[in-house]
Amino acid sequence: MDKKRRALLQAGMIAGGTGAFALGYADPVNKAVKGLLNGTSGVPTNDRIAGNALQPEFMVTPDNELVMGENQVVSPVQCFGCWTQCGLRARVDTQANKIIRIAGNPYHPLSNTHAPAQETPVREVFTQLAGESGINNRSTACARGAALGEQLQSPYRLTQIMNRAGKRGEGKWQTISFEQLIKEVVEGGDLFGEGHVEGLAAIRDIDTPVDANNPEYGPKANQLLVTNAGDEGRDSFLKRFTFNSYGTRNFGHHGGYCGFGYRAGAGAVFNPDLKKFAHGKPDWDNARFVLCIGTSPAQAGNPFKRQGRQLAEARSDGKLDYVVVAPTLPNSISRLNENRGHWVPIKPATDDALAMALIRWLIENEGINLDYLAQPGPAAQARAKQPSHANATHLVIQAPHPEAGRFLTAADLNMGDTDTHLVVDASNGELMAHTQARPAKLWVMRTVNINGVPTEVKSSLQCLKESAQRHTLAQYSERCGVSESIIAGLGQELKRHGTKASVDAHGGMMSGNAFYTAFAVITLNTLLGNINAKGGLAPGAGGVAGVEGGPRYDLMNFDGKIGPKGLFLSRNRFAYENSSEYQRKVAAGESPYPSRAPWYTFSSPLLTEHLAAAFGGYPYRLKAWISHMTNPLYGIGGAQAFLGEKLKDPAQLPLFIAIDGFINETTALADYIVPDTLTYESWGFTKPWSGVPQKTTTARWPVVTPATPRLENGDYVGLESFIIAVAKKMNLPGYGDNVISDHKGNKHGLHTSSDFYLRAAANLAFANNDPVPDASADDLMLTNAARMMPLIKDTLATDEQRKVGFVLSRGGRFAPFASGWEDELMNSRINTTLCIWNETVGSITHSMTGEKLLGCAAEYGPRFADGSPMRAHYSEQDWPLLVTSYKSHIMSSSSIGAERLRMIHPENPISINRKDAERAGIKHGQGVRLTTPGGQIEGIALVRDGIVEGAIAIEHGYGHTELGARAHELDGKPMAANPRLGAGVNQNLLGLMDPTRKDVANVWLDWTSGAAVRQGLPAKIEAM
Ligand code: SF4
């Protein structure tokens, strides 16, 4: 390297700061310099220009012929680097059984925004990846997705079945056989010399109530909790066992501490009954203005990689303007295109104030879509040619009527049934059914007679207006730190672009008022009338239907199938008023409020509450937990201190079985660990969460042989083999011979994972009465789907085999690109009545406060479970700062073991605004101590202007104590460990307990939805 270049490099390092960055990047820079001079290990490189880079995955000759590398194939895989779950392609060395490179699956819309038709032969698609055409057709993985293949050979990976050889959490393990594992967990016994432990067989009592005084809690079998991280393609298999064979009600996943606040708020707009939590994403291909609040495309969100690519394309084409509202400057904002994208800084956890300010501004400045909102039902929507319709004109019964919060129905006034809502006809002011094909009045306040009682009713839009007008724009501005002129500017842009504008959100909503914040943000879209519109907010198209219960095999129904009964451990989806506890209090003449702890009437099951509920015995205690890849102790604020200590005590939870590829912060406390197959070794079917307008189902299959032990039946140790073996040992229905019916009435066995997933693949191949074509021998050979053909031939009917080969060779089934739109509408549309007022929410009485919830968007600010404001407990004087988290575009919560990622981004400093740092005497790169009422962490200060004053920001994914950061012992020998995996800080160690939950304690959760709180933690900071 010449002197000038070296001097530049050194100067760059100095300019970058001698603190965090110099420390963090010194090693990679050293290696880079050494590599430039001498090759990466001090020896000359293979090639002067390409260094030791791999040979290309394939070459295209001047005659346009594709030539594959020797002993190499390129197989489709599914990434699990984040919840986007992109379809990728893995270059596999078939002799070494090793993945050597990962890039994007060109067929897959999450990796290629203009993917070719699935019918295009594999050879043709691969050829298009090369040369000049490769630039247009390139399909990529993000940095994380490209690096995670190395997890297969990670030294921290588990490949042995282990049980603990010491106390829980001590880090001492011993290997055991599969047979011993199954025997012990099913039969129980004195497993650890600590007394008798009930096995899964004894716990499964599906007849006896778990609590005779509270029969609504359901049977004793509910004392088994089964969790997974989320649906990474194996959900249907695991739920089939949990609900329909074992019969426990309790299944949980990470949603409660990921983005549930957002999903609940979006669900309140999309789903009147809140039985589902639909959401949408901007139609980036056609949008003209996107306002992102608490989510930053190209930095995070879902679909992360696809949105980043779409954003880059749209702003480069000059079609799109966008604004990201966040406490920290996100990657989405580029100086290269600063006229297109803008950052609006906001104080943490105050997005509800901004959203309500925008609602108020739009209402008061003719910014709402009156023609759209005036259509009360599907008939009026069709007549007015609107993309969807909302309940803006439906009439809400007001207090003091005992059923305040629900809609006025035709039955109330003897005009019809209870399904028909009443609205005011815009043409004559008379009441009419919402089903009429006419517009209705938007602003209504009037009195009607219900059973002879004069009752006030207001239109939904009137209720929303009153909610927005509870504060002035100046007050909202003061609260969120966004000036009134910027609020007006954002309102103007939304108004100007109308249905080509949209407002998006995601994990940034996880504050102490998460649900109402997200409800307010998504309501902005309803007011614009953009939902289902091309260029507006697009509901996801979802997957191709029928994978589980499809046209060829019925995988979900079997003889002896049962359904779960009783109350979820997290007290969700059940009204407190229907509980025996409530009835007893009322019968005793007591006030039924508050309940002992919150009941989350409209929420999905919450892993944020499951464990605290079990430890508090409210509603009941747990006896066993099967955890598949869940890590709540790392992911829930305050959980490590509170739940971790309890989990260490077997008396609190007698049996804890983990299934995972690694030891994480939670599974470190398990009694047994079953090593799991990783994503490239396992089967699974997933669909995009949202943000893909074409129907898409990803099919993953083992492209390499699993590293876990092989069983006698040819399967490998992992989730499926464990569940099947447990079920067979217990003689549970649905496992063994003759339990899967095909479309001709024949029965098939379920003994191995492929028995289940290959039949699911056949369903996918034949879905929609539109079977895919047969795969060619060339398709199978190039992708190595040929590797699966012997198993396919043993399992499936002849006419299914090549079609399943087609699905495997493409990595799924994908609708054509053009199918995403129909004229000026999205092709996949939501057909429910969108809620300005959500009647389900508006009819709920909060179990702690005893107050009716508001059925529309509102600003409450961060609160605790009893409804008291956070600042009433932790004053600004004592805790002047607010901590916020943001997603890393490099690291996820479980990827720290990937060395290539740590080389790029080894740790996460603590971001602080320059003025706050000056006040606290903190210099850039200095060690700091950050304290909240719930915990303390120490890290390196990153002093910057790219963070709003008063905030502290921490990037998620670091500060691990496990995953390889701590040394464990297996059979008396140390397991691989590297303290560098513990680099940086974990914001969740700062999480608070809820000081108002005196009886059944838990960490701070959103007061209505139960989502974890990680935005806006009160804090103080000091230099070290
Ligand atoms: S966005 Fe990146 S890490 Fe996430 S699934 Fe896609 S490739 Fe993997």
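1. Rings of Phe, Tyr and Trp (its six-membered ring) are taken as a pair if their centres lie within 6.5 Å; planes under 30 degrees apart count as stacked, over 60 as edge-to-face and the rest as tilted. By this rule the structure holds 29 aromatic pairs. One of them joins F80 and W83: the pair is edge-to-face, with 4.9 Å from centre to centre and 80 degrees between the planes.

2. The model is predicted, with local features requiring pLDDT of at least 70 and side-chain atom pairs counted only at pLDDT 80 or more, whereas totals for chains, interfaces and linings use all residues. Residues are numbered from 1 along each chain as its sequence is written, and side-chain values use heavy atoms, with hydrogens and water left out.

3. A second aromatic pair is formed by F515 and F519. Their ring centres are 5.7 Å apart and their planes meet at 45 degrees, so the pair is tilted. Both residues belong to helix α17 (residues 514-528), where they are 4 residues apart and thus separated by about one helical turn; helices (H or I, at least four residues) and strands (E, at least two) are DSSP runs, numbered from the N terminus. F515 is buried, at 0% relative accessibility, and F519 is buried at 0% as well. Ring pairs link F515, Y516, F519, F602, Y860 and W1007 into a cluster.

4. Two arginines lie over aromatic rings. A charge is said to sit over a ring if NZ of Lys or CZ of Arg is within 6 Å of the ring centre and within 35 degrees of the ring normal. R863 lies over the face of W1007, at 4.3 Å from the ring centre. The charged end of R759 sits over the ring of Y553, 5.4 Å from the centre of that ring.

5. Where does R168 lie, and what surrounds it? R168 is placed in the loop between β6 (162-164) and β7 (172-175), and it is buried, because its relative accessibility is 5%. Its side chain makes a polar contact of 2.8 Å with the side chain of D671; such a contact is a pair of N or O atoms within 3.5 Å, and within protein one must be able to donate a hydrogen and the other to accept it, while residues adjacent in sequence count only if both atoms are side-chain atoms. A polar atom of the R168 side chain also lies 2.9 Å from the backbone oxygen of L647. Leaving aside neighbours within four places in sequence, the residues in contact with R168 (heavy atoms within 4.5 Å) include K648, P650, L655 and F656.

6. L655 and F656 are also part of strand β25. This strand (residues 655-660) has 6 of its 6 residues buried, so it is largely enclosed by the rest of the structure. Both faces are covered, with L655, I657 and I659 on one side and F656, A658 and D660 on the other. Strands are said to pair if DSSP finds at least two bridges between them. β25 pairs in the parallel sense with strand β24 (residues 624-628) over 5 bridges, and I626 stands opposite I657.

7. A nonpolar core is a set of buried Ala, Val, Leu, Ile, Met, Phe, Trp, Tyr and Cys residues joined through side-chain atoms within 4.5 Å. The largest has 122 residues, and those with the most contacts inside it are L291, L354, I359, L373, L461 and L464. Apart from it lies another core, of 104 residues, among them A147, F192, I723 and L764.

8. Most residues other than glycine have a negative phi, and most peptide bonds are trans. Cis peptide bonds join N302 to P303, with omega about 5 degrees, and A399 to P400, with omega near 10 degrees. Q85, although not a glycine, has a positive phi of about 55 degrees; it lies in the loop between β3 (72-78) and β4 (87-93) and is buried, at 2% relative accessibility.

Key: Buried means under 20% relative accessible area, exposed over 50%, partly exposed in between (1.4 Å probe, protein chains only).
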